[in-house]
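Thanks for coming. I will talk through one model, and I will give each cut-off as its term comes up.

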Amino acid sequence: MPPLLTSRALSSLFLSTRSFPSMATPLYTTTASVAPKSRLRGVVFDMDGTLTVPVIDFQAMYRAVLGEEEYLALKSRKPFTGIDILHHIENWSPDKQRRAYEIIADFEQQGLDRLQIMPGASKLCGFLDSRNIRRGLITRNVKAAVDLFHLRFGITFAPALSREFRPYKPDPAPLLHICSTWDVLPNEVMMIGDSLKDDIKASGLAMNLIQLMSLGCNLSIDDLYFVVVIACGKRAGAFTCLLDETGRYDTPEFENVAFKPDYKVSSLAEVYSLLEANFDLIP
């Protein structure tokens, strides 16, 4: 597992006097102008439901792990944010946790058996390669799933961080690790994903962490994580794009969510024009 970045390393890499962009466009907009255009040097993708067609029945998996009664209780308490099953089971007893991971692994294996690349993903990656724009990946799936994706479809991402990297999204650490590896700032990267909770929140928290450091806050890395979540949780910063194939996020209950994406698309094919219209694609 790659080591977490220290606050000293983060500040030396990202501390900058340049201003960070605010939300580039209103929520759920696919095309907009950014004047002047912002530089984009890398794109980080989610995997399940973004680069791959969603095939895992997550609700069935949650029921199998939690049991019907606990599943319904959690779902009623978090109707919009959903259940973070990995976080939920972290404090279980070792035996109970082991059984939970066995159930999750079984569902994930079923997903691997039916793994399909998302329409438009291959062409989009080819487009990014033609412009020398870096490609990274962050997923809460296991490394074996990432390796299979690379092997089966012949498209590789670097870094490609699976859930073996801790802490996993929506914590900002994976995104910060990729930015550190690429030697770029978070506001020079876009994250594309299908989850407001995991992908959009992770990008926003990463940028908020850097903004705190740029303001000279004397905070340890643990303090930063706490302050980011509590004090800056509703303020997104890094460029984000929500892939919403079915329009589920168009419903009224998502109008007032804390983390809103800069852009929203219904397919990966829409990302080309979005990038060219709003960004200077400069590696």
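Asp183 is exposed, with 52% of relative accessible area, where exposed means over 50%, buried under 20% and partly exposed in between, computed with a 1.4 Å probe on protein chains only. Asp183 sits in the loop between α8 and β5 (189-193). Its phi is positive, about 60°, although Asp183 is not a glycine. Helices here are DSSP runs of H or I with at least four residues, strands are runs of E with at least two, and both are numbered from the N terminus.

Before going on, the conditions. This is a predicted model, in which local features need pLDDT of at least 70 and side-chain atom pairs count only at pLDDT 80 or more, while totals for chains, interfaces and linings use all residues. Residues are numbered from 1 along each chain as its sequence is written, and side-chain values use heavy atoms, with hydrogens and water left out.

Back to backbone angles. Asn132 also has a positive phi of about 60° and is not a glycine. Asn132 lies in the loop between α6 (121-130) and β3, and at 54% relative accessibility it counts as exposed.

Which peptide bonds are cis? The one from Ala158 to Pro159 is cis, with omega near -5°, and the one from Arg166 to Pro167 is cis as well, with omega near -10°. Pro159 is in the loop between α7 and β4; Pro167 is in the loop between β4 and α8 (173-182).

Now the sheet. It is open, has six strands in the order β4-β3-β2-β5-β6-β7, and pairs in the parallel sense. Two strands count as paired if DSSP finds at least two bridges between them. β4 and β7 (263-265) are the edge strands, each with a single partner, so one side of each has no neighbour in the sheet.

Looking at β3, four of its five residues are buried. On one side, β2 and β3 are joined in parallel by four bridges. Within that pairing Val43 stands opposite Arg135 of β3, and Phe45 stands opposite Leu137 of β3. β3 and β4 also run parallel, joined by two bridges, and Leu137 has Ala160 in β4 as its bridge partner. From β3 the chain passes through α7 to reach β4, and this β-α-β crossover is right-handed: with the strands pointing away from the viewer, the path from the first strand over the helix to the second runs clockwise.

Next, the crossover helix. The buried residues in α7 are Ala145, Val146, Phe149 and His150. Down the helix axis they fall within an arc of 140°, so they line one face of α7; the arc is taken over directions from the helix axis to the C-beta atoms. As background, an α-helix has 3.6 residues a turn, so residues three or four places apart point the same way. What does that buried set of α7 pack against? The partners are α5 (94-113), β3 (134-138) and β4, with contact meaning heavy atoms within 4.5 Å.

That leaves the aromatic rings. A search of the whole structure gives seven aromatic pairs. Rings of Phe, Tyr and Trp, the last by its six-membered ring, pair if their centres lie within 6.5 Å; planes under 30 degrees apart are stacked, over 60 edge-to-face, and the rest tilted. Phe45 and Phe157 have ring centres 5.7 Å apart and planes at 70°, so this pair is edge-to-face. Phe45 belongs to β2 (residues 42-45) and Phe157 to the loop between α7 (143-153) and β4 (160-161), so to speak a link between distant parts of the chain, 112 residues apart.Phe45 is buried, at 0% relative accessible area, and Phe157 is buried at 5%. Phe149 and Phe157 have centres 6.1 Å apart and planes at 45°, so that pair is tilted. Phe149 is itself buried, at 0%. Phe45, Phe149, Phe153 and Phe157 form one aromatic cluster.

Two charged side chains also lie over rings. Arg135 is over the face of Phe157, at 4.8 Å from the ring centre, and Lys96 is over the face of Trp92, at 4.1 Å from the ring centre. The criterion is NZ of Lys or CZ of Arg within 6 Å of the ring centre and within 35 degrees of the ring normal.
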